Every structure is written in C-alpha cells, then in structure tokens.
Amino acid sequence: MDIKTQLQHTPEVKGFFDPRTFTISYVVADPKTKHCAIIDSVVDFNLESGSLTYTGADAMIGYVTDQGYTVQWILETHMHADHLSAAPYLKNKLGGKSAIGEHVNDVLALYSNAFNSGADYDSELAAFDELWKDGDTFSIGTIPVTVWYTPGHTPAD
C-alpha cells in the first residue's frame, strides 16, 4: 500500500483511561465515513458496595455522539478478569455489532471448571455477534482490519 492510500485509511483514535482497573478503552474511527469501533470498554464496579455505574461508558457515549460517529463494532480483545465489559450497555445505547476472538471458548471452559459452573456457557457466547479467528478481516468504515491471534495475556487474545 502506498503512502497516499495509507493516509486515506488513518483512523482517529481516542483513549479513555479507567483508573480503578488501569484499563484503557478506545474509540477508533474512520474520519471519512464517521464509522467507529469501541474497544475493551469498562463497567465501573464498586467492590465495597457491589454496585455498577457506567461513568466511563457514558463518557465514551458522549464522545461518540459529539463526534457524530456511528458505532459499527464493539470489540473485546480478550475476556477480562480485572473488569466487566460495558459492551452490552454500549450496544443497547449506540447499536453496532459485538465481536471477540474464537478462543474465548477456551477461557470460558477454564472459567467453567474454576467456578464449577458446568459446561453450558452458550449464554456468554450469545452476547457476541461475531467470533473471529486468526486471519479474519473486517472494516471500520473504509479502514481494513485483520484479526491476529496473539495469546499471552490470556489464551484468547
């Protein structure tokens, strides 16, 4: 791809830092089409009270709305043991399709064994519209994206 073509596909990227979990969530947008993806969103979980709030997710909603973006994808790079995902909340508020790598099945099997919850985790998988494998491709607007399986942090990255 030549430099002119590359520049036409340069995304706008905005990070949102969650201090409680030290997690950075992202909005990645195609400036040409105004389509975007939200990556690794966080629900605010207060351990002491057991309550959920959506301060971080609401900040992302405000940003997406202010920029005039249309959510095309809500992506998880892996299952998160350190925080809850705001993906269902964001999908309900903004639309878009949700996706994660197919190796999420491996992590759910581990969770099933660790928490003695049985092998029925279809409801967890039903939350995702797409389960991608290494080499799959999709786009954010006109920006081409390739899925890379990169196990390390978890077996499902």
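Guide: A charge sits over a ring if NZ of Lys or CZ of Arg is within 6 Å of the ring centre and within 35 degrees of the ring normal. Here Lys 14 lies over the face of Phe 16, at 5.6 Å from the ring centre. The charged end of Lys 14 also sits over the ring of Tyr 63, 5.9 Å from the centre of that ring.

Visitor: Before we go on, what am I looking at?

Guide: A predicted model, where local features need pLDDT of at least 70, side-chain atom pairs count only at pLDDT 80 or more, and totals for chains, interfaces and linings use all residues. Residues are numbered from 1 along each chain as its sequence is written, and side-chain values use heavy atoms, with hydrogens and water left out.

Visitor: How many helices and strands are there in the protein chain?

Guide: You can find 5 helices and 10 strands. They are DSSP runs, numbered from the N terminus: helices are H or I with at least four residues, strands are E with at least two. In the chain of 157 residues, 37% are buried. Buried means under 20% relative accessible area, exposed over 50%, and partly exposed in between, with a 1.4 Å probe and protein chains only.

Visitor: Back to those rings. How many aromatic pairs does a search of the whole structure find?

Guide: The search turns up 7 aromatic pairs. Rings of Phe, Tyr and Trp (its six-membered ring) pair if their centres lie within 6.5 Å; planes under 30 degrees apart are stacked, over 60 edge-to-face, and the rest tilted. Take Phe 16 and Tyr 63: they are edge-to-face, 5.6 Å centre to centre, with 70° between the planes. Phe 16 is in strand β1 and Tyr 63 in helix α2, 47 residues apart, so this pair links distant parts of the chain. Ring pairs join Phe 16, Tyr 63 and Tyr 69 into a cluster.

Visitor: Is Phe 16 buried or exposed?

Guide: Phe 16 counts as buried because its relative accessibility is 15%. Tyr 63 is buried too, with a relative accessible area of 18%.

Visitor: In what order do the 6 strands of the open sheet come?

Guide: Follow β1-β2-β3-β6-β7-β8, with mixed pairing. Two strands pair if DSSP finds at least two bridges between them. The edge strands, each pairing on one side only, are β1 (12-18) and β8 (130-132). Ignoring direction, neighbouring strands are turned by 25° against each other on average. For a close-up, β2 and β3 pair in the antiparallel sense over 4 bridges, and Val 28 stands opposite Ala 37 in β3.

Visitor: Which strands does α2 lie across?

Guide: Helix α2 lies across β1, β2, β3 and β6, running at about 20° to β2. Helix α3 packs on the sheet as well, touching β3, β6 and β7 (97-101), and its direction makes about 165° with that of β6. Contact means heavy atoms within 4.5 Å; axes are lines fitted to C-alpha atoms, for helices over the stretch in contact, and angles run from 0 to 180 degrees between N-to-C directions.

Visitor: Which residues touch the most other members of the largest nonpolar core?

Guide: Of its 18 residues, look for Val 27, Cys 36, Ile 38, Val 64, Tyr 69, Val 71 and Leu 90. A nonpolar core is a set of buried Ala, Val, Leu, Ile, Met, Phe, Trp, Tyr and Cys residues joined through side-chain atoms within 4.5 Å. Two or more residues come from each of β2 (23-29), β3 (35-39), α2 (55-67), β6 (70-75) and α3 (87-94), and α2 gives the largest share, 5 residues. Apart from this core lies another, of 10 residues, including Ala 37, Ile 39, Phe 138 and Ile 140.

Visitor: What does Ile 61 touch, leaving out residues up to four places away in sequence?

Guide: Its partners are Tyr 89, Leu 90, Lys 93 and Leu 94. Ile 61 lies in helix α2 and is buried, at 15% relative accessible area. The C-alpha atoms of Ile 61 and Leu 94 are 7.5 Å apart, though 33 residues separate them along the chain.

Visitor: And how should I read a phi angle?

Guide: Most residues other than glycine have a negative phi. Lys 34, in the loop between β2 and β3, has a positive phi of about 70°. Asp 40, in the loop between β3 and β4 (44-46), has a positive phi near 55°. Lys 34 is partly exposed at 33% relative accessible area, whereas Asp 40 is buried at 10%.
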